[in-house]
Amino acid sequence: MSRNGPAATRAERRAERRAHADYTGGVYGSMLAVSVVIGAGSLGSFPRTELVLLLLLTGVVFWVAHVHAQLFGARLAQRALDRHVVLHVCRDEWPIVKAAVPPAAAVAVSPLLGLDVRGALWLALGVAVAGQVGWSVAAARRAGASPRLTAATAAVNLVLGLLIISFKIVLKH
């Protein structure tokens, strides 16, 4: 225990988690959100609500899939499962869900911006791609990458996002 008591210990643990943060899930989740928006060509009677739910629920489903894969794939072979391990894996994979929130929020606020459903889809795409680039830059900076490598990872993720958007344009939905 820290010499400053339990509060300092919690603060030290939070700082340690931040220092070892892995942004892979955020980049992946942002790409997933872009893909969800691209695939959401035919929504029903409540398209905005359906898209918000689709984004969030897809993020949760993929989070569960990643947690399951980590726990029963790689982790189980290395050490026994206990509550600490499960919570650690759940926390590590949570950026997949977090990455779906900004595009979902963009869709939710789109009527306030005067956007129709098509405009909301494009706004969500832009926000998801920006998130993808942002998560990759955060990962590069956290890893101590040079400014040049950080710019390169941002460019690669921007190109990937734009490539996915080009699929939407080609598919015309």
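**The aromatic pair and the cores**

Reply: Trp94 is partly exposed, with a relative accessible area of 37%, whereas Trp63 is buried, at 17%; buried means under 20% relative accessible area, exposed over 50%, and partly exposed in between (1.4 Å probe, protein chains only). The model is predicted: local features need pLDDT of at least 70, side-chain atom pairs count only at pLDDT 80 or more, and totals for chains, interfaces and linings use all residues. Residues are numbered from 1 along each chain as its sequence is written, and side-chain values use heavy atoms, with hydrogens and water left out.

The count of aromatic pairs comes to 1. Rings of Phe, Tyr and Trp (its six-membered ring) pair if their centres lie within 6.5 Å; planes under 30 degrees apart count as stacked, over 60 as edge-to-face and the rest as tilted. Trp63 and Trp94 are edge-to-face, with 5.0 Å centre to centre and 85° between the planes. This pair links distant parts of the chain, 31 residues apart: Trp63 belongs to helix H3, and Trp94 to the loop between helix H4 (83-93) and helix H5 (95-98). Helices here are DSSP runs (H or I, at least four residues), numbered from the N terminus.

The largest nonpolar core has 16 residues, and Val37, Leu51, Leu55 and Val107 have the most contacts inside it. Such a core is a set of buried Ala, Val, Leu, Ile, Met, Phe, Trp, Tyr and Cys residues joined through side-chain atoms within 4.5 Å. Apart from that core lies another, of 7 residues, among them Trp63, Val89, Cys90 and Val97.

Key
Helices (H or I, at least four residues) and strands (E, at least two) are DSSP runs, numbered from the N terminus.
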